[in-house]
Every structure is written in C-alpha cells, then in structure tokens.
Amino acid sequence: MALMRFSGASLTRRGVTQPALSGLDFSLAPGEVLAVLGGSGSGKSTLACWMAGWVPHALPAQCDGTAVLGAESLAGAQPVAWAQRVQLVQANPYAALTGCAFSVAAEVAFGPENLGLAEAEIRRRVAAALALCEADALAARHPASLSGGEAQRVAIAAALAMQPQLLLLDEAFSRLTPAAATSLLGRLHDLCRDGMALVLFDKQFDLAARHAGRILLLDGGRQVALGGAVELFDVALTQVRACDALRAAHRARQAGAWHAEVSPPVTTATVAARFGEVLHG
Amino acid sequence: MNPLFSTRTLTLMSAGIAFNMVLGQLASMLKLPIFIDAIGTFVVALLAGPLAALVTGLVTNLIWGVLTSPVAAAFAPVAAVIGLVAGLCARAGGFRSLPRVLLSSLLVTLAVVVVATPIRAYLFGGATGSGADFVVAYMNALGSKLLESVAFTVFGVNLVDKVVSALIAWLLVRGLPERVRAQFPGAAQVR
Amino acid sequence: MHPFTGLALLLPLGLLAMRIDLPSLLAVALALLLVALGMRPLGGARLRQWALVLLPLALGLTLVHGRYLDSWLGQVVDNRQAALLAALRLWLRVAIVLAAALLWLSSITTASLTRALFASRLPPGVAYLLASPLLLSEQLKARLAAVSEAQAARGVDVAAPFFRRWRSLLALAAPLVVWTLSDVGERAAALDARAFRSRLRRTTLDAPQPAIWERWLWYGCALLALVLAGSLLWR
C-alpha cells in the first residue's frame, strides 16, 4: 500500500485565485526515494510544506483533489499531529532550531523528549542521528553558534531523531560540500532500506538522477512529468540545472547529433561511457 | 486536545516578552525619559488579542521581579491590565487611525491608574524609586491626599509613556511586511 | 543544588521579612545577605545591580514619607520619625527580597533553570513561556549591539539632540522587531515539527534531580509560607 498518494490534487493559497500547485498525480511507497525537480518558483517548497501536513493550519490554503498520508487526509490534523510520521527539513537550517536548547545534543533530543520516550531510547536516537549526519563532534556546541553547513547537519539529525516514515529534504544540503552531501545521502539510503521514504526537492538534475528512483518534474506549479531519469532527461534539462557534461549531451541530442540507440547519460559517472558509445557507434 | 494558545501565539508571546525586556534598555541607552517597558505587550495585543497580551504583560513582570526588582513583580497586575485593555481596543478597531490610537492609549492609561494607584499607594506608600516620586511628594506637600497625589502622578507619567508605547507599537506593526502580517489574525484590525 | 531550592526558600523568606517589624533584625538579615552576595562570583556586579534599584527607592521613600517638601514650603510636619521608620521597614523588606533573589540567581545558570522548568510538572507551554524569553532576549541584546553599531556607522548618534534621539529609537527598534516577528512563524513550525505539546508529560534528559532533603525542604518551605501568610492575615 502506498505511504502517500496525491490524485488530481491542487492547492490555492488564501487570498489568491491562481492555484500554486495543480495536476498532482503520484504515489509514494515505503522505502522509495523520489526527487521533485523544478526551477525557482516552480512550487517545490509549497509542495514540501503540503506533504509535511502544514496545510491549512500553518499555510493557509484551499486544497482540492486527493492528498492522503496512509489513510488520512493531509488537511485533517494539526501540524503537530504529523510530526511523528513526516519530517521536513528546509533550506534555511536556522529555522529548524527550537530556541529552547543550549547544546546540539539537547536540540536533537528535544523532539523525542516531547514524545515522552524513555531516556535510554532518546539517547540512542540522538547518538544514531548525530552519527549518521557526521555531527557527533558538534554535540556540545551551542546551536546559535553553528555555521550554515553545520546547522544543516543538525537540522537533518533533529528530523531523523523523530524516526519519521517519510523524510522531506527541501534543498537541505545547499550549504554542504557536494562530497559531504553525497555521503550523507548514501547513508540515508540505508534508512530507506528499512522502510523510510525519502523525497528530495532540488534544482539539480544529476543529484536527483543519482539518488532517486523516480523524478517528478514541476514547472510553474504544474506536474509536467513523472518517471525515471533516462525517460525525463530531454524534458528535464530544459528546465532545471545540470552539470556541463550532461548539458553537452543534451545539446547534442537537441541538435540531432546523438545516436538514437544510445540512452542519455544521467550521471557524471556514465557520461564518458555514453559519449564513447555515440562516437564509436 | 486543543491548547489555549496556538504554538504561533506562544512564540509571539515569547517575542513580546523579550521586546519588553530589551526595548526599555534601548530607551535608557538613548537617554530618553520614558520606560517603554510595554511595547512588546502592545505588539502582542495588536497581533493576537487581549488574552495573549494579558499573559505577556504578566509574565514579563514576574520574570523581571526575579531578575531585576521585586517592585516589578508587585506591579504585575498593571502589566496584565495594559495587555487586556490594549487588546480589547485593538479588537474594537482602536488601532485603525492616529486619533483612534491616541484614544486607545488614553483608555489604557485610565485602566493603569485604576490598578496601579492602590498598589503604589498602599504597598509602597507612594514611592517606587523613580523621578515621579518627587511629584507625589510635591502634591502631598501642597495638601492633596496621598491617594490623589499618587493617582495624578500615575496618570501623568503613564499618559506620556503609554501614548509613546502605543504609537511605536502601531508604527512597528504597520511597517511589518505583508508576508509577516498575514500570519497573525489580529493584524487585519490594524491599519 | 536544584535550581528550585533557592526559589523555594525565597517565598518564606519574603513573608518572614513582612512579619518581622524590628528594623534592627531586618537590617542584620539584609547585611548577612549582602555579604553572602558579595562573596559570590561576579558579586560586585550583583551588588551594583542591587544598589541601582534600592538607592533610588530609598530617596523616593524618604522624600514622600518624610514630607521634606512640606517643611520646605513652610508647613509643620508631625510624626516624621514614625513615618520614616515605616518607610525604613518597607525599604528593608524590599531590599531583603531583592538581595535574596540575586543570591539565588547567582547560584543557577539559565541552562539549568530551563531544564528544571521543562522537567517540572508545569505544562510544557508554560515552561516555554518562562524560559524562552530569557534565551531570546540574550539574542536580541546581541543583535541590538550589532544594529546600533551599524546605525552609528550611518550617523545615528546616541548623544544627538532630543528629537533626533526619538527617531533613532525607531530606527534601532524597527529592524529588531521585524527580524524577530518574521521568525515567529518559523519558530512555531519548528516546535510543531518536534511534537511540542503533543503529550501532557514530556521526558527531559539530564534534568536537575532534587536530593531527598531538597524535596523535604521544598515541602517545609511551602508549609512555612502558609503559616507565615496565615499569621500575616490574622494580624
């Protein structure tokens, strides 16, 4: 059974007539990794908030169509009721700090403490979450003293400590180095094997292609396409960012210089091989 | 379970208490002859209504009572009444134009006189350690009863202070970006 | 020591100060408290804070109760001695309570008090309202220092003429308020996302644990406070 399902769903912010999101049709299985790609203003962050259960209480808006988590409508409960099942990490990591904690360890522990869990369980969760985000060394630091990249690690750790069924990362790596982001995503994949679903909201095609099984492409708030990276290559690269090598392949395909039987390269790792195939027939 | 205050109101109240604690310090830094220790209470009253503002004022003075002076704790009911009356005025549209703001701050001042005068007169015998003590003593000397002197002094001091506080809070809330104002239901009553 | 223990002692102490009428006894108690306060770390600063509140209060009380302005206007004042004695008593009581409160504050940290509040039987929302302004106002003060530096660089002068200083007040306060209020929604979302207030009881890690004797002391203080309050009312 699907963990989350959107069907004919659209969202209109209060006080506006034009919908911010429309034509959403997708479902998400437990353990799946989905990437939502789109340029600036494509509605990624709005969708992330919707999936996190913020509509209509924290984000006043009118929803139409079906948007469910498990068997419950997403619009039904207060945001706090979803906290145990869905966690959203946004691009600004400082927004995720509660302002009630004097150390990073206390900040990460704040959520599980609110759930009233046993002390040993909380300590286990905090240690595991900090280790996964490579933030163990920050445990004793004051949250207000963290740099952008450090705060992003802590924000993700705080979300993981809640052990959600669904983790939404809305450009949550923007201040990490690409290498650090890649290794963190690798470790998040291990959690997905245990059943956590992961949704990456991003502007970068390579990152999505590398880590997500499927890609949902948003443009101006509308769902344009949903499918594998290879399938979406031609349409996606007209709208989102990609590294130069992928851009070159895209240009070649647009200009008709690509070999019809060779599939497009979707990650930097496969670029050389694909270009080779095209050159040598 | 539906709590009394939404989480957003709770964080707004915490911000209001912090404003109360910090902005008074700013006034003394600029050597301005006012307390303005209620701007945060006014801001909460404008954005979230009377009950939230009442609690904001009350908690501000309780914290202050422990941190800086027990005198502040004794005047906690006054801070609460400022929030309550300012919030009721805001609900009734008392922060929609400059004349209305002035009228609202007059109402707040009158409420302060009613609550603060007995506290000041009976608990502290008229003196609280501010420059206004001089006025009380002077009026006493001219033959007024203590209660009258105190009420007059409280009115005079607070009228200036509350008008200034209400005006600053009003200007601040009006100057908020629309994106921020939209988060608070009460902001629609402020123009 | 648990942060609440000092607070528990504060209540009966204040009531006791109200119950005692003998100024010499009150003065001895005050002297002891002030010496103890002076011996704490940062004692000098705390004594100065105490004096900053109590000296103006002494002046105001003397002026109002002593009716010196009456004499100055040529009127005869009787019972000045008795009135001043009452004022002295009031001053000593306020002075004792503030000195004791400052002594308590010198024995705790904001962090331990916050954890104790969150671990207490208070609803989490109330604990938040008492604890978070302390944290936030520390941030705001730092922010204010930064803003005032920036404004000084742009020519806002704290020694400027009176009316220009009023404009400086708005110029300094506005960015601070707007910045904080824009964050209010995000702060609330962050608390909601961590299931804040979703359960009546929350766990608190590393909560300050009161010793057995401290618990007994709390109950003793509560009982003593009740007795003292009763005797004050009965009088």
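Start with B:Asn20: setting aside neighbours within four places in sequence, this residue is in contact (heavy atoms within 4.5 Å) with B:Asp37, B:Ala38, B:Ile39, B:Gly40, B:Thr41, B:Thr56, B:Thr60 and B:Trp64. This is a predicted model, where local features need pLDDT of at least 70, side-chain atom pairs count only at pLDDT 80 or more, and totals for chains, interfaces and linings use all residues. Residues are numbered from 1 along each chain as its sequence is written, chains are lettered from A and ligands numbered from 1 in the order in which they are written, and side-chain values use heavy atoms, leaving out hydrogens and water.

**Around B:Asn20**

- B:Asn20 sits in helix 1 of chain B; helices here are DSSP runs of H or I with at least four residues, numbered from the N terminus.
- With 1% relative accessibility, B:Asn20 counts as buried, a label that means under 20% relative accessible area with a 1.4 Å probe and protein chains only.
- A polar atom of the B:Asn20 side chain lies 2.8 Å from the backbone nitrogen of B:Gly40.

**Domains and cores**

- Chain C splits into domain 1 (3–112 + 208–234) and domain 2 (124–193), with bounds from an automatic or database domain assignment.
- Taken over C-alpha atoms, the centres of domain 1 and domain 2 of chain C are 33 Å apart.
- The largest nonpolar core holds 125 residues, and those with the most contacts inside it are B:Phe42, B:Leu47, B:Phe95, C:Leu30, C:Trp50, C:Trp91 and C:Leu181. Such a core is a set of buried Ala, Val, Leu, Ile, Met, Phe, Trp, Tyr and Cys residues joined through side-chain atoms within 4.5 Å.
- Helix 5 (residues 80–106) of chain C provides the largest share of this core, 14 residues.
- Both domain 1 (3–112 + 208–234) and domain 2 (124–193) of chain C give residues to this core, so it lies between them.
- A second, separate core has 62 residues, including A:Ala151, A:Leu169, A:Leu176 and A:Ala249.

**Where chain B meets chain C**

- The contact draws 64 residues from chain B and 61 residues from chain C.
- About 5,300 Å² is buried between chain B and chain C, and carbon and sulfur atoms give 80% of it. Buried area is the accessible area (1.4 Å probe) that two parts lose on being put together, summed over both.
- B:Thr7, B:Leu10 and B:Leu30 supply 11% of the area that chain B buries against chain C, more than any other three residues.
- Across the interface of chain B and chain C, 5 residue pairs are in polar contact, both at pLDDT 80 or more. Polar contact means a pair of N or O atoms within 3.5 Å; within protein, one must be able to donate a hydrogen and the other to accept it, and residues adjacent in sequence count only if both atoms are side-chain atoms.
- On the side of chain B that touches chain C, helix 1 of chain B gives the most, with 18 residues.

**Where chain C meets chain A**

- Chain C contributes 25 residues to the contact and chain A 29 residues.
- Between them, chain C and chain A bury about 2,500 Å², with 56% on carbon and sulfur atoms.
- The rule finds 4 salt bridges across the interface of chain C and chain A.
- C:Arg194 forms a salt bridge with A:Glu107, whose closest N and O atoms are 2.9 Å apart.

Technical notes: Buried means under 20% relative accessible area, exposed over 50%, partly exposed in between (1.4 Å probe, protein chains only). Helices (H or I, at least four residues) and strands (E, at least two) are DSSP runs, numbered from the N terminus. A salt bridge is a side-chain nitrogen of Lys or Arg within 4 Å of a carboxyl oxygen of Asp or Glu.
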